[in-house]
Amino acid sequence: MIRKATLNDFVRIKNLISILEDKEYDEKKMFEIYKKHLETDKYKYFVYEEEKIIGMISFLIKETLHHNSLTGEIIELCILPEYRNKGIGEKLLKYIERLA
């Protein structure tokens with residue numbers, strides 16, 4: 001199931017991004033950024049959940065000169081390694097395409 005991410009999803013999202021980047025982040029700073037992003041309409045976060053969060057996608061809505069309109073830019077697309085190559089990333093991409 002795909003749903004809009006909430007503040008309560010932060011730890012799982014942080015873990016997904018840490019796996020993707022193979023790096024640990026300053027949790028306090030990352031939480032502040034995530035919280036700020038959830039409070040604006042420019043950033044969108046969605047999670048894919050099957051009993052637990054196994055994937056996420058985030059994107060930024062912005063106005064660009066070369067498109068002369070609003071566009072969406074994917075910022076992160078993360079899937080737990082053991083769930084990769086099962087079509088979850090494709091489902092997340094199709095989900096946000098329908099929102100555009």
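This is a predicted model: local features need pLDDT of at least 70, side-chain atom pairs count only at pLDDT 80 or more; totals for chains, interfaces and linings use all residues.
## Overall dimensions

Along the principal axes, the C-alpha trace extends over about 40 × 30 × 20 Å.

## Fold and chain contacts

The protein contains 3 helices and 4 strands. Their order along the sequence is β-α-α-β-β-β-α.

Contacts between residues at least 6 apart in sequence were also examined for their span along the chain: 50% of them join residues at least 24 apart.

## Surface, burial and charge

Of the 100 residues in the protein, 33% are buried. The accessible surface amounts to about 7,000 Å², and carbon and sulfur atoms account for 49% of this area.

The protein carries 18 positive and 18 negative charges. The mean position of the positive charges and that of the negative charges lie 2 Å apart.

## Aromatic pairs

A pair of aromatic rings is described by two quantities, the distance of the centres and the angle of the planes. The protein has 5 aromatic pairs. One of these is formed by Phe10 and Tyr34, whose ring centres are 5.7 Å apart; the planes meet at 40 degrees, so the pair is tilted, since an angle under 30 degrees would count as stacked and one over 60 as edge-to-face. Phe10 belongs to helix H1 (residues 10–21) and Tyr34 to helix H2 (residues 27–38), and the pair thus links distant parts of the chain, 24 residues apart. Both Phe10 and Tyr34 are buried.

A stacked aromatic pair is formed by Phe46 and Phe59, with 6.4 Å from centre to centre and 15 degrees between the planes. Because Phe46 is located in strand E2 (residues 43–49) and Phe59 in strand E3 (residues 53–64), this pair ties together parts that are 13 residues apart in sequence. Phe46 is buried, as is Phe59.

## Aromatic cluster

Which residues form one aromatic cluster? The members are Phe10, Phe31, Tyr34 and Tyr45. The cluster therefore includes both rings of the tilted pair, Phe10 and Tyr34.

Note on methods: Residues are numbered from 1 along each chain as its sequence is written. Side-chain values use heavy atoms; hydrogens and water are left out. Helices (H or I, at least four residues) and strands (E, at least two) are DSSP runs, numbered from the N terminus. Buried means under 20% relative accessible area, exposed over 50%, partly exposed in between (1.4 Å probe, protein chains only). Contact means heavy atoms within 4.5 Å. Accessible areas come from the Shrake-Rupley method with a 1.4 Å probe; for residues, only the protein chains shown count as cover. Lys and Arg count as positive and Asp and Glu as negative; His and the chain ends are not counted. The place of a charge is taken as NZ of Lys, CZ of Arg, CG of Asp or CD of Glu. Rings of Phe, Tyr and Trp (its six-membered ring) pair if their centres lie within 6.5 Å; planes under 30 degrees apart count as stacked, over 60 as edge-to-face and the rest as tilted.
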